2 protein chains.
Amino acid sequence: MGSRIDSEHPRVPAQARTEARTEARNKLFLGSFVHSKALDELDYLHDAAVCVDKSGTIVAVERDCDEAKARETVLPRLGWDADDVEVVRAREGQFFFPGFIDTHLHASQYPNVGIFGKSTLLDWLNTYTFPLEASLSNPAKARQVYTRVVRKTLSHGTTCAAYYATIDVASTNLLADLCLAAGQRALVGRVCMDQLSPDYYRDASAAVAIADTRASIAHIRAADPSLSLVRPVITPRFAPACSVALMRQLGALAAEQPDLPIQTHISENKNEIALVKELFPPHTTGAADDSYAAVYDATGLLTERTILAHAVHLTDAEAALVAERKAKVSHCPCSNSAITSGAARVRRLLDRGIACGLGTDMSGGYSPSVLEAARHAVLVSRHVVLAPGGEERDKLSVEEVLYLATRGGAEVVGLEGTVGGFEVGMEWDAQLVGLGQIGEDGEVVVGEGRGGGEEEQGESGDVDVFGWESWPERVAKWVYNGDDRNTKRVWVKGRLVHQRKF
Amino acid sequence: MGSRIDSEHPRVPAQARTEARTEARNKLFLGSFVHSKALDELDYLHDAAVCVDKSGTIVAVERDCDEAKARETVLPRLGWDADDVEVVRAREGQFFFPGFIDTHLHASQYPNVGIFGKSTLLDWLNTYTFPLEASLSNPAKARQVYTRVVRKTLSHGTTCAAYYATIDVASTNLLADLCLAAGQRALVGRVCMDQLSPDYYRDASAAVAIADTRASIAHIRAADPSLSLVRPVITPRFAPACSVALMRQLGALAAEQPDLPIQTHISENKNEIALVKELFPPHTTGAADDSYAAVYDATGLLTERTILAHAVHLTDAEAALVAERKAKVSHCPCSNSAITSGAARVRRLLDRGIACGLGTDMSGGYSPSVLEAARHAVLVSRHVVLAPGGEERDKLSVEEVLYLATRGGAEVVGLEGTVGGFEVGMEWDAQLVGLGQIGEDGEVVVGEGRGGGEEEQGESGDVDVFGWESWPERVAKWVYNGDDRNTKRVWVKGRLVHQRKF
């Protein structure tokens, strides 16, 4: 992609570019590495080396190891050809961090980010969302929007995204193709909705929804047979928009294809919850009670492969059921604040052992950045503390939200042990983070010439490091003021998929 | 400043620069202009012209006026030499917007942005804040930090800032000098605190505090005799850190020098409020009751020139008193969330006719951006809606928070009618805002070559305009995803004080 842009807009120096080169060299990463060791603890590796083989798998993590030592002891041990190793250095002040996992976003709603007025969920859907989603059956518009969303999220360090597309099969498949081409790990879901949505944007029947879902699954299985980069995801939009028949058939489809995840929404908004109770009295589903979670459970959709977005207002009984079924939760704080859904008590979910990740939930959420979601998760957790029933321990720390953004997200999308950290056997989904260094004169000191004459460190955005900060303080500065300018390069499965040019 | 950087770092293309050139030409601004007409209404002027004379004053605002028409009818009317007019065009999609007014921030705490852990106000002060503030008595460090803070806030479109410095006179004066040199409108306050703070960082007595405050006032009056750009501001830190004697003497000083504003904090945190009640029983101040506001009122500090930061937990009686005294409020939502202070019910203050502006409150607040404060004011207002006693009407709209960031802020800092909007007789404190335009291929279309071959529009950050958005939607996109990359140029009193180079 980058080269095509270069030739078409040769005078555009200020544009972040996404590169999707095919590379198959062994790689040696050197410098500082930061990743989550536990929910509340980051591990800092300095002067370290990480070796990533041609398949993108981490094969060595060495502390106290510079290039000479790596060449002397590690490369021979790996049996690598020392002349054919790509060396990537984090400069002074830079660090490698696992790629972010966006566990919930609607690629199709991207053009509406920031556009929601004072609406809440149900009027927001009808006023802003359904018209835009429906319009993406236009292939040119779908290509424009999906190209942009993949590039934009990659530039923010999102190495894996759980996407909702639309009900349209062709453009959903296009989104999967674009992710594959750009090298972004993705779950791509063709949205199912056969009721309570406008005539112009609704599955004609449960049967049509299932057939179209199967068609999209087949396309993605053909495009990425190992499902190692892009996977189809079974996507009932949310209970109110699905008939019981449709939910049951999607549950059966999930049982039939056990390598596929499921994603949907739950308990985002109080009016929505009331609507679910009204639409699905227990006798219609055979559910144990009239709760939202019970509807999904009764229709075969509450499984350990299920990603539940929001979970803002789950009752204790529902949380217990979610935990029992080992379903996962995508916490979407920006969205929940923006459209006045509420403040999820994440600690309560974590305490029950429920795997939680972060979602941008564009465009209920306004930002493409998982870092913004992490920042806002911290802030919202402080409002939870102050709300009735809130406790000091509801506060989420910087370390905790970074865990949610990486390891937590990996568990949510079914990639635990594959991505989210820097361990031997995991795949190299990572970002190189650079922060601004302030010199004695109050100006940014750019790292030019350091690290062997590589490209400029570039603009550092709002993160200003004065030099006396500890590493945890630097990371906190990144979480609170960082943006895509700090994400210098991004890799997925060892492949460079984004690089800032300035 | 910019040119010095250019020569020292000739290979640094990615650095935003602040320029402080002295210019005294008449200026003709052309294009789209957006500013607040009322609290909940923005005025959009397209194909308009604004004329700014050599003193920086707006002398004409013409709708439906292009350059030819301006030259034909407006310039002659103004008696301007048509050959000596600087023409500044907003390109397609760009617009001029009033400069932001940051009604509350601690310049001295800037290096600590994002560093606060899980602390709340009182432990945050002792752990993070006092040690840093005390260290700025080192002139070199003060120059480094204050240079950076002025440049950083200008780059975010902050044309006027109400700064707290430290108790140190020399470095407080340096901050004022740096603002003058950079061309940023500012209130600069030498902080007064003679009790309940550590030995290493406290005024030795009320008398010392007053003498040092007078010294700083004298310095700034000498540096800017008309106080038209930089003004001293009488700054009792907050009641708990001030003896009654000190507050009384500062009240008397304010009465003696009626051209000076006052700034302090109020009702930020519940423990702080309890501390005020404990420290200042009514008999010690002669206050009407034991409320926080009454302490300031009894000591002569609650005036129409007073800027009260936070006001999160004001009682109805206190709000009534604040309104009666015509004191102003600086709403600091980022800070209030970050250090778990609470969520201010801004609507309740506005309903009483209290003038409200926005404050970044660095470093209780984590961000240097008033736009971030505006965005977070919207989000926090939605948490207010959901809190006990909250109502739908507590929601703040995009239009309302932009009003607070401009006209509201102007009223708070005593510059109502001087800045905050585009009206004849007001001064040209403005920013040129540019948003990203997305082409059919999903790439950013940069405005190269348009508008007469001026410099590139440059990187547009996270704001992606697809083309079909209405102007209010574009502005909403800016509020939700904008950052300093969208602030292309900044003027104060007609003088260009910041320009992005890319």
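# Briefing on a predicted two-chain model

Strand β8 of chain A (residues 185-189) is largely enclosed by the rest of the structure, because 5 of its 5 residues are buried, where buried means under 20% relative accessible area, exposed means over 50% and partly exposed lies in between, computed with a 1.4 Å probe on the protein chains only. Strands (E, at least two residues) and helices (H or I, at least four residues) are DSSP runs, numbered from the N terminus. This is a predicted model, in which local features need pLDDT of at least 70 and side-chain atom pairs count only at pLDDT 80 or more, while totals for chains, interfaces and linings use all residues. Residues are numbered from 1 along each chain as its sequence is written, chains are lettered from A and ligands numbered from 1 in the order in which they are written, and side-chain values use heavy atoms, with hydrogens and water left out.

**Enclosed strands and their partners**

- In β8(A), the buried residues A:Arg185, A:Leu187 and A:Gly189 point one way, whereas A:Ala186 and A:Val188, also buried, point the other way.
- In a regular strand the side chains alternate between the two faces of the sheet.
- Two strands count as paired if DSSP finds at least two bridges between them; β8(A) is joined by 5 bridges to strand β7 of chain A (residues 158-164), and the two run parallel, with A:Tyr163 standing opposite A:Val188.
- Strand β1 of chain B (residues 26-38) has 11 of its 13 residues buried, so it is largely enclosed by the rest of the structure.
- β1(B) pairs in the parallel sense with strand β4 of chain B (residues 85-89) over 5 bridges, and B:Asn26 has B:Val85 in β4(B) as its bridge partner.
- β1(B) also pairs with strand β2 of chain B (residues 41-52), in the antiparallel sense and over 10 bridges; the two form a hairpin with 2 residues between them, and B:His35 has B:Asp43 as its bridge partner in β2(B).
- Strand β5 of chain B (residues 95-98) is covered on both faces, with B:Phe95 and B:Phe97 buried on one side and B:Phe96 and B:Pro98 buried on the other.
- The pairing of β5(B) with strand β16 of chain B (residues 430-433) is antiparallel and extends over 4 bridges, and B:Phe96 stands opposite B:Leu432 in β16(B).

**A three-stranded sheet in chain A**

- An open sheet of 3 strands in chain A has the order β18-β17-β19, with mixed pairing, and its edge strands, β18 (444-445) and β19 (464-465), each pair on one side only.
- Strand β17 of chain A (residues 436-438) is joined to β18(A) by 2 bridges, and these strands run antiparallel; A:Ile438 has A:Val444 in β18(A) as its bridge partner.

**Helix α8 of chain B**

- The buried residues of α8(B) (residues 270-279) are B:Glu272, B:Ile273, B:Leu275 and B:Val276.
- Seen down the axis of α8(B), these buried residues fall within an arc of 160°, so they line one face of the helix; the arc is that of the directions from the helix axis to the C-beta atoms.
- B:Lys270, B:Asn271 and B:Glu278, on the other side of α8(B), are exposed.
- The buried residues of α8(B) pack against α3 (121-135), β12 (262-266) and α10 (292-298) of chain B.
- At the start of α8(B), a side-chain oxygen of B:Asn269 reaches to within 2.7 Å of the backbone nitrogen of B:Asn271.

**Relation of the two chains**

- Chain A can be laid on chain B with an RMSD of 0.0 Å by a turn of 180° and a shift of 0.0 Å along the axis, the superposition being by least squares on the C-alpha atoms of residues with pLDDT of at least 70 in both copies.
- The two copies are thus related as by a two-fold rotation axis, and the C-alpha of chain A nearest that axis, that of A:Ala387, is 3.4 Å from it.
- The same surface serves both copies, since 100% of the contact residues of chain A recur in chain B, with contact meaning heavy atoms within 4.5 Å.
- A:Lys152, in helix α4 of chain A (residues 139-155), counts as buried at 4% relative accessibility.
- Apart from its neighbours within four places in sequence, A:Lys152 is in contact with A:Tyr110, A:Pro368, B:Gly461, B:Asp462 and B:Asp464.

- B:Cys65 is in no disulfide, the nearest cysteine sulfur being that of B:Cys51, 7.2 Å away, and B:Cys65 is buried, with a relative accessible area of 2%.

Technical notes
A polar contact is a pair of N or O atoms within 3.5 Å; within protein, one must be able to donate a hydrogen and the other to accept it, and residues adjacent in sequence count only if both atoms are side-chain atoms. A disulfide is a pair of cysteine sulfur atoms within 2.5 Å.
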